[in-house]
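Student: Please show me how to read side-chain packing in a model. I would like each idea, and then the case in hand.

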Amino acid sequence: MSSSAIYQARRLRLMDSLPADSFVMLVGYQQKVRSKNIKYHFRQDNDFLYLTGFNEPDAVALLYRGKEHELEYILLCRPKDPQQEISFGARAGVTGAIEQYGATQAYDIAELDKIISLKLTDQRQLFISDELGRFNHRLLEWSNAQRHSSAFDTPKCYRSITPLAKYLHPFRVIKDEAEQQAIRAAVNASIDGHKAVMSACREGINEAELAATFNFAIAKHGASDVAYPNIVAAGNNACCLHYEENACQTQTGQMLLIDAGAELNHYAADITRSYPVNGQFTRAQAAIYQIVLDALDAAIAKVKPGTPWNHLYQTCMEVMASGLIDLGLLEGSLEAVMTNESYKRFTVHKTGHWLGMDVHDVGPYHDAEGKWRLLEPGMVFTIEPGIYIPESALDVPAAYRGMGIRIEDDILVTPTGHDNLSKLVPRTIAEIEAFMKNG
């Protein structure tokens, strides 16, 4: 299936799920200013991109059923402008919106008000995708325009306004074959990035240099950006879950935690590894690391169609709680520790999320009845247990303090089980020590 056919199929599937009198408005992102006349690299809204493939700023798409119930797809975008294109790159323009992106009609974005007035006629269901609220102040005006402007004896159109996300985001949870391949490509780039950092890691190197090492490696795969700011955290820095400063020098005796993923063709990877700066685990580091790895592997082993989502978290917590009890870092029986949730002092966070166009991808984790969603083929997600023991935990033996250990893999649910997409990044103690010695 061609890319244009994929987007067309997605639009049809969405509209088939909505009432017949629906009018959908998708609002793309604008380019943001970094400083004065310098702009950030443009990144399109993912819902807009998922349904259109159109990756230019200042665009709006409209979807509705025409008189013969055919799907109308209107794309409003920036017009061609030779002078602007010389300075800032080519534009599809109105003609390109039709020829390249499959719009049935296309207009200059400056005509948005006029086109909505013409096209929003007797549709009573207005569905909006406008993540940044760019047109929040106009929705009631557009919705009420017909009844405010029509003659007193003309039938009035009373419209409801509904966020589109409720209907669109569940579709994004199940990845089609093209999406799975895109995620695999992002993961494969990230595998090389993680291996490059593991090879470069040593005492005295700055976290920023390691972050740049990852970026350089993924660029060789064509990934010009990361899916989220790299987290490269040595020692106690790893106890900050979203540490982004990446400004400290590594020291012998520390663990390094790197949480980094490439973005490639608009799809994300998200992989975490933790290992000793000098390539050799101390006894205490190895003990904590093995607990986390055992938790991860136990959860991965449960991944297959029909497994409730929350079983992965519960499995991780039970394995880590048991290990921390065995080390004497938690007191009481496993049953008591799980009941009073004392394990949360060291485990801190949930252990996974959907993965796709967004690194924390959209879509519900519960079904329509509020029960935990069952895993299905085509789902892609992370599993990422971690144990964090900050320097301030003075009641914990010193050998364990000042380390955060998280291990995260990207998992695809297959018809018969699962595929660990990121398994080629060294992950066992023996693999890590051998790779850091020889890699």
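**Burial, cores and rings**

Tutor: Let's start with Trp 309, which counts as buried because its relative accessibility is 10%. Buried means under 20% relative accessible area, exposed over 50%, and partly exposed in between (1.4 Å probe, protein chains only). This is a predicted model, where local features need pLDDT of at least 70 and side-chain atom pairs pLDDT 80 or more, while totals for chains, interfaces and linings use all residues. Residues are numbered from 1 along each chain as its sequence is written, and side-chain values use heavy atoms, leaving out hydrogens and water.

Student: Which residues touch the most other members of the largest nonpolar core?

Tutor: A nonpolar core joins buried Ala, Val, Leu, Ile, Met, Phe, Trp, Tyr and Cys residues through side-chain atoms within 4.5 Å. Here the largest one has 109 residues, and Tyr 275, Ile 288, Tyr 289, Phe 381, Ile 383, Ile 387 and Ile 389 touch the most other members. Helix H10 (residues 283-301) gives this core the most, eleven residues; helices (H or I, at least four residues) and strands (E, at least two) are DSSP runs numbered from the N terminus. Another core lies apart from it, with 18 residues including Phe 23, Val 60, Ile 128 and Leu 139.

Student: What does Ile 389 touch?

Tutor: Contact means heavy atoms within 4.5 Å. Leaving aside residues up to four places away in sequence, the partners of Ile 389 include Cys 239, Ile 288, Leu 329, Phe 346 and Tyr 400.

Student: How many aromatic pairs are there?

Tutor: Rings of Phe, Tyr and Trp (its six-membered ring) pair if their centres lie within 6.5 Å; planes under 30 degrees apart are stacked, over 60 edge-to-face, and the rest tilted. By this rule there are ten aromatic pairs. In one of them, Phe 127 and Tyr 167, the centres are 5.3 Å apart and the planes at 85 degrees, so the pair is edge-to-face. Phe 127 is in strand E7 (residues 125-129) and Tyr 167 in helix H7 (residues 165-173), so the pair ties together parts 40 residues apart in sequence. Phe 127 is buried at 2% relative accessible area, whereas Tyr 167 is partly exposed at 28%.

Student: Where does Trp 309 come in, and what is its partner?

Tutor: Trp 309 pairs with Phe 381: the ring centres are 5.2 Å apart and the planes at 90 degrees, so this is edge-to-face. Trp 309 sits in the loop between H10 and helix H11 (310-326), and Phe 381 in strand E15 (residues 380-383), 72 residues apart. Phe 381 is buried, at 0% relative accessibility. Trp 309, Trp 354, Tyr 365 and Phe 381 form one aromatic cluster.
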